[in-house]
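Let's take a walk through a protein model together. Keep the picture open beside you as you read, and look for each part as it comes up.

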Amino acid sequence: MSRSAPLEGVAEAGAGLASVPLEQFLSGLPAGVRRVYDAGADAAAPLPVRWVEPSELEDPTPYLLEHEVVLTAGLPFVGDGGAPDAVDRYVQRLTRVNVSALVFGLHPYFDEVPEALVEACRRHRLTLVEAPADVPFAALGLEFARLLEAENVRVMRRMAEGNRHLMRAVLAPRPEADLLEALMRTVPGWALVVGANRRTRARAVAAKSRVGVPEQAVLDDVLQGLFAGRGPRVETRPPEPAGSGWIAAHPLRGARDETLGALVLGAERPLDAAEQSVVGTAISLLEALLRQRTEGALAPSQLATGLLLRSAEERAIERREVVELAAQSASAPSGSRLRVVQGFRADGRAEPAPVDRGRSSRPTARHDRAGAILQWRRIFDTKLVELTDFGFTAITRLAVETPVVNEVEALGWRLAVSDPVEVSELPETHRRLAVLRARAMEAGRTLRASGDPVSVPALLGRQAGGLLFEHAFGPLRELEPDRAAALLDVLEAWLEAHGGWDATAKATGLHRNSVRRQIAQVADVTGRDLNDAGARAELLIALRYRPSSYAGVD
């Protein structure tokens, strides 16, 4: 089976046609109809019946559907057709197309079922039924029609009930989790909703399920093929020895056909028509939820993002309803701590992110901006995204782990990521993150607040530190390079010794009077009062950005 084929194996028992269990059909037949050979006792699973077809052809298989019951009065077995080899070939052809049973009608050609036919049915495990002359084939067809109508009513009732549970669940506070729980009331097995980052967002297992969720490696293999394709498709796996049963992964697609996530199902047996229909409804509802989360109105979410990050009235965002709405917009439980993410292009340009345009023509600048917002919403699983002069800012519940960073950096972007904070702390976090972003831009790589030590040199960055050094020691350019370097060496040792003359002399190997003269010269050239603690601190910090060759020379 193709891994990207439609769900042939899982849907085998209900591919668009209702059916009746063979045992139920045979049990309801008129008196006098008897089973000559019953293959159902040894069958791995109950056989369905999709239709009852009378035929006196020597080879009726070109006109048969899978899982039909064939009715014959024996004409194919008259004359040479009754030879054991011919009878065996007839039965073998029926089993090749998965005929569920053969009904042999007595009279006008035979008074009893031919022994060769009985032996052939036993050999090929095909249920054989004898119908007396006083039971017309029409009676068998009418009985099947009655059962099929009752089955159709039952299927429609199951579909309606299953869809009703799904519709109720989608309006619940936890729509994805509740929707899967509702789905498990119809589908016996397990189900997962996976986000665009391939992390599980919700899961449910039916109360009486005999199959369990497989190992992550199996799920990763299924999802890899699913996320690599486009358009309506299903990734399937046959039953695994580990007991996960049939596995089918359905893509959850956005308006631009991008894959926003996946619904992964496991079942112990192929799904019937009612279960297939309810799964289809669940897919549609999940797609609607994901699209609403990531592709809703753009202006309100940008406005909300700006207000949360730059609220003039700090107390306003401490209100309970604001906190809850912020959590919902970031796809997080109420009261969750959130992160601020600032993104910038690695090449230093400020423009919207590249958008997957598919087969559409080149969009306008306005559509590029909309596509950028939608893309960052999808990647960070949040509605709280705004475009900025440096790139974009997002508020997310995600930890922004390595797979997310890799995806962003593959698009040519880098990030500054804050620690998780309360909603009321978002404005201050946003302001502080600007400093980290400046350092990330200078370093050309993604930085996290949790992995970045807080210090004056770290906060200044190399560019600002270079300006500080030039401001403090620019006058030293008038001296010879070697002389300027020597003065800076003495000054640095003196500042680190807290102005101690003897300690500086020992560190530099100079006489203490020489130290005094050189420190006095630095004060004179720079115009700084070295008795002032603030001036000393500023000079010490500036020395951290001293050029690598020697002071004051480019």
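In the largest nonpolar core, which has 29 residues, Leu-166, Leu-179, Leu-183, Met-184, Leu-263 and Val-279 touch the most other members. A nonpolar core here is a set of buried Ala, Val, Leu, Ile, Met, Phe, Trp, Tyr and Cys residues joined through side-chain atoms within 4.5 Å. Buried means under 20% relative accessible area, while exposed means over 50% and partly exposed lies in between (1.4 Å probe, protein chains only). At least two residues of this core are supplied by each of α4, α5 (175–183), β8 (189–195), β9 (200–205), β12 (259–267) and α7 (273–295). Its largest share, eight residues, comes from α7. These labels are DSSP runs numbered from the N terminus: helices (H or I) have at least four residues and strands (E) at least two.

Now zoom in on one core member. Leaving out residues up to four places away in sequence, Leu-179 touches Leu-166, Ala-169, Val-170, Ala-282, Leu-285 and Leu-286, where contact means heavy atoms within 4.5 Å. Apart from this core lies another, of 22 residues, including Tyr-90, Leu-94, Val-113 and Leu-126.

Before going on, a word about the model. It is a predicted one, in which local features need pLDDT of at least 70 and side-chain atom pairs count only at pLDDT 80 or more, whereas totals for chains, interfaces and linings use all residues. Residues are numbered from 1 along each chain as its sequence is written, and side-chain values use heavy atoms, with hydrogens and water left out.

Step back to see the whole chain. It has 17 helices and 17 strands, and 46% of its 554 residues are buried. Of the contacts with a separation of 6 or more, 67% are between residues 24 or more positions apart.

Leu-71 is 31 residues from Leu-102 in sequence, yet their C-alpha atoms are 6.1 Å apart. Beyond its neighbours within four places in sequence, Leu-102 is in contact with several residues, among them Val-70, Tyr-90, Leu-94 and Leu-126.

Is Glu-151 buried or exposed? Glu-151, in helix α4 (residues 137–170), is buried, with a relative accessible area of 13%. Its contacts, leaving aside neighbours within four places in sequence, are Ser-19 and Val-20.

Finally, look at how helices meet. The axes of α14 (residues 481–496) and α15 (residues 501–508) come within 9 Å and cross at roughly 135°. Axes are lines fitted to C-alpha atoms, for helices over the stretch in contact, and angles run from 0 to 180 degrees between N-to-C directions. The two helices are therefore oblique to each other; angles under 35 degrees count as roughly parallel, over 145 as roughly antiparallel, 65 to 115 as roughly perpendicular and the rest as oblique. Val-490, Ala-493 and Trp-494 in α14 meet Trp-501, Thr-504 and Thr-508 in α15.

Helix α14 also packs with α17 (residues 533–543), at an angle of about 125° and with the axes 10 Å apart. This pair is oblique too. On the α14 side the contact includes Leu-488 and Trp-494, and on the α17 side it includes Arg-536 and Leu-539.
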